[in-house]
Amino acid sequence: MSTQSRETLGDATLASGAGATPDRSTELSEQRTALSIERSFLAFERTLMAWLRTSLSMIGFGFTLVKFFEYLAEQRGGAVVGRFGRTWASDSVGLTMIAIGTVALVIAVIQHKRRIDALRGMGLVPQWNLALGVASLVAVLGVFAFASLVLGA
């Protein structure tokens, strides 16, 4: 059999699917799909870490506000009174910031988990998720910070 007829026979075998191995373009397509899923995973991780930074800043700033105004109240011997004779609701502002930061982080964790589960359905290999673990721990920390200020006051 000549070289040309063997090539033609090989092409016919591939076209019929009998004993065919995937061609190079199919392999490249599968690799690109796997890499795009991995890129999506990393984008979801970056998004969660951005929410983590924002929430941690809000929780920390809220806690600082509450403690700062408690200190001012102790130094002045009573509540801090503003220009128009109204007392500052520093505890309310600080607690609201802690609550917003914590709730935002909990929602971000839930959203991240759902997105990762969807990617796993598309073929993402299960892997350890550091950002999810840290975000969950910070959310618990936010709940404890909020509770300590509410119950301690």
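## The cavity

The structure, a predicted model, holds one cavity of 30 Å³ or more, a cavity being a set of points on a 1 Å grid over the protein atoms alone where a 1.4 Å probe fits but cannot get out. The largest cavity has a volume of about 60 Å³, taken as the space filled by probe spheres set on the points.

Its lining, meaning residues with an atom within 4 Å of a point, consists of Phe-44, Thr-47, Leu-48, Trp-51, Ala-108, Gln-111, His-112 and Arg-115. Helix H2 (24-76) and helix H3 (90-121) are the elements that give two or more residues to this lining, helices being DSSP runs (H or I) of at least four residues, numbered from the N terminus.

## Helix H2

The 53 residues of H2 should span 78 Å at 1.5 Å a residue, and this agrees with its end C-alpha atoms, which are 78 Å apart; the expected span is 1.5 Å times one less than the number of residues. Just after H2, Gly-77 takes a positive phi of about 80 degrees.

## His-112

His-112, found in helix H3, counts as buried because its relative accessibility is 4%, buried meaning under 20% relative accessible area with a 1.4 Å probe and protein chains only. Leaving aside neighbours within four places in sequence, His-112 is in contact (heavy atoms within 4.5 Å) with Phe-44, Glu-45, Leu-48, Asn-129 and Leu-132.

## Basis of the values

Residues are numbered from 1 along each chain as its sequence is written. Local features need pLDDT of at least 70, side-chain atom pairs count only at pLDDT 80 or more, and totals for chains, interfaces and linings use all residues, while side-chain values use heavy atoms, with hydrogens and water left out.

Definitions and conventions: 1 Å grid on protein atoms, 1.4 Å probe; cavity = no way out; pocket = protein on both sides within 12 Å on 5 of 7 lines; lining within 4 Å. Buried < 20%, exposed > 50% of the residue type's maximum accessible area, 1.4 Å probe, protein only.
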